[in-house]
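Dear colleague,

Here is the structure I said I would pass on. My notes on it follow below.

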Amino acid sequence: MTTLTKNKITDQILELHQSLNNFKDLRTNGAAILEQKGLPALKEEEYKFTAITKKLDQNISNFGPAHTVQLNAELVNEHLFEGFDGDLIVFNNGIYSPEFSHFSGQDYTIAVLDQEPQESLGTIAKMEKDPFVALNSTTFRSGIAIHVGRNKQIEKPIFFLFFNQAHNGEVISPRLFIQIEDNAEVTFLENTVSLDENPYFSNMVTEIKVAQNAHVHYSRLQAEHRRAIVVNNFETDIHRDATFTSSLVSLSGDMVRNNLSLNLLDSGCEGNMYGLYLLNGKTHVDNHTNVDHTKPHAESNELYKGILADKSRGVFNGKIFVRQDAQKTNAFQQNNNILLSEDATVNTKPQLEIWADDVKCSHGCTTGQLDEEALFYLQARGLGKEQAKGLLLYAFAGEVLDKISNDGFRAFVTQKVQERLGGSY
Amino acid sequence: MLTIKNLHASIEGNEILRGINLEVKAGEVHAIMGPNGSGKSTLASVLAGREEYEISEGEVIFQGKDLLEMAPEERAREGVFLAFQYPVEIPGVSTTNFLRTAVNQVREYRGKEALDAVKFLSVMKEKMKLVEIDQKLLSRSLNEGFSGGEKKRNEIFQMAMLEPTLSILDETDSGLDIDALRIVSSGVNKLKTPQTATIVVTHYQRLLDYIVPDYVHVLYNGKIVKSGSKELALELEEKGYDWIKEEAESASV
């Protein structure tokens, strides 16, 4: 039964996207992998808690590409956050929309990826690793490449704003390739807006190269509508003395799978991964993270926190590889969850593989209810029960929110979190 | 102000309080003493509204209202304050941060105007002096990494901010060195008015040198087995609790 489903979807996808003429090699390779492996079934270890293929089968009626929709300036402006000051890159169902984007173009370049040669594409996020990368490689129509040159310090953030709207549950396939050269510094922000309540499948691939001594922050908000099915493959190569920090806040969606991989390729580099999933209804969010320490003296920090209400489900899987060469590695991982209802679930799994013998690694995970003692303490000071709950949950979430480096975006995300928790604190 | 009649309370099927009777009037200080496990902290917790306890019998009337019917926050707004024996650590929430909300909730309930940020700060500064507490401490995560003395001073600082009618100090002296004890007690004494009352729950007579009680009650096996003046505390200090236990047991036989 599963095999049938798998083949049905992949066959449909390959058929519906075969008219694409660019990136022939990439597409041929992707199609070959998909034909061979199909989309992941539940029995596959990496997807055992997240039945994404089944979800797609049940909710997506047309696996063809989502075409661009009507946007207007007013709509775009509505979704800029208060105090936004930076460059704006708008995507319309995954396709770069130059008419609503604005950027100075002085310190970096943006190129539309719609034809060869683009040799780098697929070199960081490898399609052999995850069938959804292969899928994106066969279905994306065009992507964009951003290039930040050596020594460029981009002071204002670059904001990627995605507008998604599919009429029959089509596939949206955004593709980003970002190169940040030596000593450059830049902050990226990302938000996705669902324009209506129709189901869609967004399958995005982001590849980032952070060259020597470059410093990059990348913050994302996921607050798509209740029927959105989302898969993200986000992979970064981090070179000598470079720093990369990812913050990801997930608030809604139907089923969301985030694969985040940091490859620490040289000494002195640092990779940070922070995540918050604040879920209700039946939202299912799965964060699979992977940090690969390959050389000595590199550091990684990871903190993911979850607050789960109603029948929501969170999955956290944190892999840390420390290869034999990677002596003096510091790797820290923490996952904490609060369950607010008996029907909410969390599956959390740290996965450490350490081949070097002189390293400092720690990991910990907790899952529990709200601290009743703390709740009583605040009530005994006169705070109402709901208010005290909100305050405690906000404090729990705050540790992750604080990691969002851009003030305006942090305030924007914080406000969304407070709205969910029912008040401002 | 407070009348406790035949109060019985249990937790997980174990009866801890077995018929407490107590009358506290405005302006009075009552000390509740007793050996470990006698029910002192349970009494404090029940008065503040901790939900784990089941009240099987009895009543508690506070300023004419049934206290046991109220949620913990209502009791606080009505003017009951509990200084915790073990103040909770709350990462990410600072004292300043939650106290402004708390103070304004309480003020609103009592029909007073809310304090804006500026006024709140000036009131805070004034009250901080009472317990010699540093503002930096108040902006840190609540009680996280605080010393024992800092935690207890913070409790009394909160008491000063919330201006309760009835303060219940649950073993506020336990673990304090003499300097900290002096600071905490002098804070409590300065907050005393003819309109307010204090219940001091303690294991040690030492505290009562600083906070002088009008009455001392000895709790044993969930009942008040002896009441007297402050001299009773001195007697307990000298003779320990064994004679109380013997007296109580022979009386019950």
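**Chain A: the annotated span**

The end C-alpha atoms of residues 167-396 of chain A lie 38 Å apart, and this span is 9% helix and 60% strand. Helices (H or I, at least four residues) and strands (E, at least two) are DSSP runs, numbered from the N terminus. The unreviewed UniProt entry gives these residues, 167-396 of chain A, the feature "domain: SUF system FeS cluster assembly SufBD core". UniProt positions are in the numbering used here, feature names are shortened, and annotations may be inferred rather than shown by experiment.

Before the rest, some ground rules. This is a predicted model, in which local features need pLDDT of at least 70 and side-chain atom pairs count only at pLDDT 80 or more, while totals for chains, interfaces and linings use all residues. Residues are numbered from 1 along each chain as its sequence is written, chains are lettered from A and ligands numbered from 1 in the order in which they are written, and side-chain values use heavy atoms, with hydrogens and water left out.

**Chain A as a whole**

Chain A has eight helices and 20 strands. Its C-alpha atoms fill a box of roughly 65 × 45 × 45 Å along the principal axes. Of its 425 residues, 60% count as buried (under 20% relative accessible area; exposed is over 50%, partly exposed in between; 1.4 Å probe, protein chains only). Among contacts (heavy atoms within 4.5 Å) with a separation of 6 or more in chain A, 85% join residues 24 or more positions apart.

Chain A is divided into domain 1 (2-266) and domain 2 (372-425), with bounds from an automatic or database domain assignment. The C-alpha centres of domain 1 and domain 2 of chain A are 31 Å apart, and 17 residues of domain 1 are in contact with 12 residues of domain 2.

L161(A) sits in strand β5 (residues 158-164) of chain A. Its relative accessible area is 0%, so L161(A) is buried. Residues that L161(A) touches, not counting those up to four places away in sequence, include V76(A), L80(A), F91(A) and V193(A). R150(A) is 11 residues from L161(A) along the chain, yet their C-alpha atoms are separated by 26 Å.

**Chain B**

Residues 2-246 of chain B carry the UniProt feature "domain: ABC transporter", also from an unreviewed entry. That span is 40% helix and 29% strand, and its end C-alpha atoms lie 30 Å apart. Chain B comes to 10 helices and 12 strands. Along the principal axes, the C-alpha trace of chain B spans about 60 × 40 × 35 Å. Buried residues make up 53% of the 253 residues in chain B.

**Nonpolar cores**

In soluble globular proteins, nonpolar side chains tend to be buried together. A nonpolar core here is a set of buried Ala, Val, Leu, Ile, Met, Phe, Trp, Tyr and Cys residues joined through side-chain atoms within 4.5 Å. The largest has 121 residues, and V417(A) and I199(B) have the most contacts inside it. Helix α7 (residues 385-401) of chain A supplies the largest share of this core, nine residues. Domain 1 and domain 2 of chain A each contribute at least three residues to this core.

What does I199(B) touch, not counting residues up to four places away in sequence? Its partners include L2(B), L22(B), V24(B), H30(B) and L166(B).

A second, separate core of 57 residues includes I172(A), A228(A), L262(A) and A326(A).

Regards
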